[in-house]
Amino acid sequence: MAGEPQDDCLFCKIVAGQIPATIVRETDTTVAFRDINPQAPTHVLVIPKVHYPDPAALAAAVPQIAADVLRETQAVADEDKLESYRVVFNKGPGAGQTVWHTHAHVLGGRGLEWPPG
């Protein structure tokens with residue numbers, strides 16, 4: 001069921017403490033942790049504690065938690081003292097989504113070119 005932890009979800013297992021992660025922030029509704037394959041000096045994933053497969057599904061079902069995820073991206077940037085940073089949500093395999101649990105990538109600490117990819 002949407003919103004419920006999924007047994008086969010890597011990020012649900014991180015939320016539950018079943019898989020270790022380098023957690024940098026945690027709130028009642030979110031967890032932020034360092035990416036295991038960083039693409040920039042700062043590369044942190046911010047995830048909701050509830051399971052929704054993509055950002056559109058999360059925003060439609062629980063907009064307050066979607067807002068919490070975005071709020072936490074700023075908190076991560078502040079903690080890493082980033083003046084500039086990028087927030088990326090991937091939706092679907094063509095966009096590079098490999099874990100079907102909503103997550104925001106916070107990237108910074110180096111120049112980020114445009115267009116990305």
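What follows is a short exchange on the cores and helices of this predicted model.

Residues are numbered from 1 along each chain. Local features need pLDDT of at least 70, side-chain atom pairs count only at pLDDT 80 or more, totals for chains, interfaces and linings use all residues, and side-chain values use heavy atoms, with hydrogens and water left out.

Me: Why is Ile14 called buried?
Reply: Ile14 has a relative accessible area of 8%. Buried means under 20% (exposed is over 50%, partly exposed in between, with a 1.4 Å probe and protein chains only). Therefore Ile14 counts as buried.

Me: What makes Ile14 in contact with Phe33?
Reply: Contact means heavy atoms within 4.5 Å. Leaving aside neighbours within four places in sequence, Ile14 meets that with Ile19, Ala21 and Phe33.

Me: What makes up the largest nonpolar core?
Reply: It has 11 residues, including Ala32, Val44, Tyr52, Ile65 and Val106. A nonpolar core is a set of buried Ala, Val, Leu, Ile, Met, Phe, Trp, Tyr and Cys residues joined through side-chain atoms within 4.5 Å. α3 gives the most, with 4 residues. Another core, of 9 residues, lies apart from it, with Ile14 and Leu45 among them.

Technical notes
Helices (H or I, at least four residues) and strands (E, at least two) are DSSP runs, numbered from the N terminus.
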